[in-house]
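Subject: Structure handover

Hello,

Here is the structure I said I would pass on. My notes on it follow below.

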Amino acid sequence: MDVSEQVAAKQRIIEACRDAEKANKAKSKFLSRMSHELRTPLNSIIAFGQLLLNFRDMNEKQTKNVNTIVRAGRHLLSLVDEVLDISKVEEGGLTLSREPVLMIDALNETIDLVQPLADKKHITLELELNEDIHSSVMADKQRLLQVLLNLITNSIKYNRENGKVSIHVNRQNSETLRTSIQDTGHGITNEDIPNAFQPFERLSAESSSEEGTGLGLPLCKRLVEAMNGRIGVKSELGKGSVFWMDLPLINNQTPTSASNNYQQPVAMS
């Protein structure tokens, strides 16, 4: 049997894969370098904008314009930082410091940061307190906080007026702890769910005036997977969404958090 054509086809596939891998590495390197180059001028723009805001002789229109410059600069800087983080993950250059992290401490710290936004949007934050929330996971604490901050902020920003965000922590099994963030927003269609963690996909952009880069969820996915975890979403259109994250559970632990004296669920509004 003459298999020369099959062998040639297989070789073409191998070469195409190599070319694609080289192109992907070149793209990641380009994004990384460009992100570094953009950060310096952006920081200067933001800094000088903040200095201008200290001048008391500016009129209302001038102050508004300078505020627009600073706000736009910060928004662009957040985009650059997210591109840089994704590039690091794809290149394998992201360094993680994995350690035991008490989930209740990470959640309390995150809630303290997002509470002003929730108050502004009239969103109730509800943290379910149970035995599992005092469990520890193996994770990079700063990156875990980054993921939680992104997920909870999204659930607030894209929620309904006077809506609610509920946070639950439960053991899935002896090795996994799941953190779920449930909102009362507009939900995601079944067709859009597969795109939720794709870069630059803003699923609620057409129905929201909120700013966004479309990189927050893809970055969360890469960070969670880098911590040997999983992330996903369940949603029903018109009823809201649940974003969940599974991380490796540390067993045989005794909670040492100062927060472990909570006995029952508490609603924060």
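**The hairpin of strands 6 and 7**

Strand 6 and strand 7 make a hairpin in which 3 residues separate the two strands, and G238 in the turn has a positive phi of about 90°. The two strands, residues 230-236 and residues 240-250, run antiparallel and are joined by 7 bridges. Within this pairing, S235 stands opposite S241 of strand 7. When you look at side chains here, keep in mind that in a regular strand they alternate between the two faces of the sheet.

Please note that this is a predicted model.

**Overall**

The protein has 5 helices and 8 strands. Their order along the sequence is α-α-β-α-β-β-α-β-β-α-β-β-β. There are 269 residues, and 38% of them count as buried. Of the contacts with a separation of 6 or more, 76% are between residues 24 or more positions apart.

**An aromatic pair**

The count of aromatic pairs comes to 1. The pair consists of F197 and F243, with 6.2 Å centre to centre and 80° between the planes, and is edge-to-face. The angle settles the label, because planes over 60 degrees apart count as edge-to-face. F197 lies in the loop between strand 5 (176-183) and helix 5 (216-226), while F243 is in strand 7, so the pair ties together parts that are 46 residues apart in sequence. F197 and F243 are both buried. Through F243, then, strand 7 takes part in this pair as well as in the hairpin with strand 6.

**Helix 4**

Among the buried ones are R143, N150 and K157, along with L144, L145, V147 and L148.

At the N-terminal end, D140 caps the helix: one of its side-chain oxygens lies 3.2 Å from the backbone nitrogen of Q142. Q142 is itself part of helix 4. With a relative accessibility of 56%, Q142 counts as exposed, because the cut-off for exposed is over 50%. The C-alpha atoms of Q142 and R98 are 9.8 Å apart, and the two residues are separated by 44 residues along the chain.

Neighbours within four places in sequence aside, N150 is in contact with E82, G216, L217 and C220.

Most residues other than glycine have a negative phi. H122 has a positive value, near 60°. H122 is placed in the loop between helix 3 (103-121) and strand 2 (124-127), and is partly exposed at 45% relative accessible area.

N162, likewise not a glycine, has a positive phi of about 60°. The loop that holds N162 runs between helix 4 and strand 4 (164-171). N162 is exposed, with a relative accessible area of 60%.

Regards

Technical notes: Residues numbered from 1 in each chain as written. Predicted model: local features only at pLDDT ≥ 70, side-chain atom pairs only at ≥ 80, totals over all residues. Heavy atoms only, no water. Helix = DSSP H or I, 4+ residues; strand = E, 2+ residues; numbered from the N terminus. Buried < 20%, exposed > 50% of the residue type's maximum accessible area, 1.4 Å probe, protein only. Contact = heavy atoms within 4.5 Å. Polar contact = N/O pair within 3.5 Å; in protein donor to acceptor, adjacent residues only side chain to side chain. Pairing = 2+ DSSP bridges. Phe/Tyr/Trp six-rings, centres within 6.5 Å; stacked < 30°, edge-to-face > 60°.
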